[in-house]
Amino acid sequence: MDFEKLACAHLRELTPYQSARRIGGHGHTFLNANEYYKSQLYFFNSTTLNRYPDCQPFDLLAAEADYVGLRPENVLISRGSDEAIGLIIRTFCEEGEGIAVAPPTYGVYAIFAKTNRAQVLEIPRGTDFSLNPEQIVQSVQQAPFKVKAIFIDSPANPLGTLFAKEDLITVLTKLPDTLVVLDQAYIEFAPDYSYAALVKEFPNLIVTRTLSKAFGLAGIRCGFTLARPEIISYLLKVIDPYPVPDPVAQIARQALARGGVELMQERVNEIVQRREELRGHLEKLPCVKEVFPSHANFLLVRFTDGPTVFESMVQKGIILRSFEDKPGLKNCIRITIGSAEELDEVMRTLTALQ
Ligand SMILES: Cc1ncc(COP(=O)(O)O)c(C=O)c1O
């Protein structure tokens, strides 16, 4: 893959902003970044809050690399994986070029493309929502514009499905000059389907990850991009000078330490168990037509009358997510797997609606 040709032309010669942190320097008196000279310690137990953080704190790069089985130079840290999605589009799509998505899917891909004047190709799914790799290849080859990146979520939101490894390899192999962005925000709920190691083999693969789901840290906004170093270095030209606040890096490092990962895995087991219990209960309700298979922390449910169920739940103060207007998802509602008490309340309320 010719990384030079793939990135936007105006970025090829661009040197990223040389912040004081990026320039660095070994000294004892740092008067190079217009910072306050000492830490205030008002808000957070840190002695470094008066200083700008590193653009990419190395400890955290190393912790994520260790967690996913890659090297620090394969990792980029961003404000959630959402920021990574935007960065990929801004780095690789020239005006008139675009991305491919397979609706129903995570809505941010298309929105970020449109806000960056990139086009959006919609790849059709089968009637059972399956995503055929040959269909992806054919759609991209026949697109009326150049598709720079294909976004595939696995586990998918809201479908809950997985994209098979051999299908991913087919797309990567048959479209060697197109980036395939595999969004694995929910991968901890299906750990056997992490294809991060394929980054070593396929230069056109980008994997995105997040601490927002299984790690329970949506509030700190910390996500990761895993790719070849050449791709990471292009993304580093576009990213903000200081995207990772120091408290975020500290919390993220704790989450990725052994104790943090073990705690996350325990929570994942609980969520998966609760998800399947909820499925069993829902399937017995006459107002439920279908509960989709799920490899994530939610269930997508087709009701006989989705809008009425949704509104009735809102009246009781229970806010679910309606997918009424999304392709093929009429009457569908997504329910996040919360606490046992929250799910009991959902079931009690749904049962009373009958
Ligand atoms: C498939 C998918 N990707 C990415 C995200 C965004 O994650 P983050 O919090 O890391 O920005 C979400 C959030 O719901 C998602 O469902």
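A nonpolar core here means a set of buried Ala, Val, Leu, Ile, Met, Phe, Trp, Tyr and Cys residues linked through C-beta atoms within 7 Å. Keep in mind that this is a predicted model. By that definition, the largest nonpolar core runs to 94 residues.

**The core**

- Ile99, Ile150 and Val180 have the most contacts inside this largest core.
- Helix H5, spanning residues 80-92, is the top contributor to the core, giving 6 residues.
- Domain 1 (10-256) and domain 2 (273-353) both supply residues to this core, so it sits between them.
- Take Val180: setting aside neighbours within four places in sequence, Val180 is in contact with Ile150, Ile152, Leu168, Val171, Leu172, Asn204 and Leu205.

**The ligand site**

- Around the ligand you'll find Gly80, Ser81, Asp82, Tyr106, Asp153, Asn157, Asp183, Ala185, Thr210, Ser212, Ala218 and Gly223.
- H5 turns up again, giving the largest share of this shell with 3 residues.

- The protein chain is split into domain 1 (10-256) and domain 2 (273-353).
- Their C-alpha centres are 31 Å apart.
- Where the two meet, 14 residues of domain 1 are in contact with 14 residues of domain 2.
- On the domain 1 side of that meeting, the touching residues come out as 10 nonpolar, 3 polar and 1 charged.

Technical notes: Residues numbered from 1 in each chain as written. Predicted model: local features only at pLDDT ≥ 70, side-chain atom pairs only at ≥ 80, totals over all residues. Buried ≥ 20, exposed ≤ 12 C-beta atoms within 10 Å, placed from the backbone. Helix = DSSP H or I, 4+ residues; strand = E, 2+ residues; numbered from the N terminus. Domains from an automatic or database assignment. Contact = placed C-beta atoms within 7 Å. Near = placed C-beta within 6 Å. Nonpolar A, V, L, I, M, F, W, Y, C, P; charged D, E, K, R; others polar.
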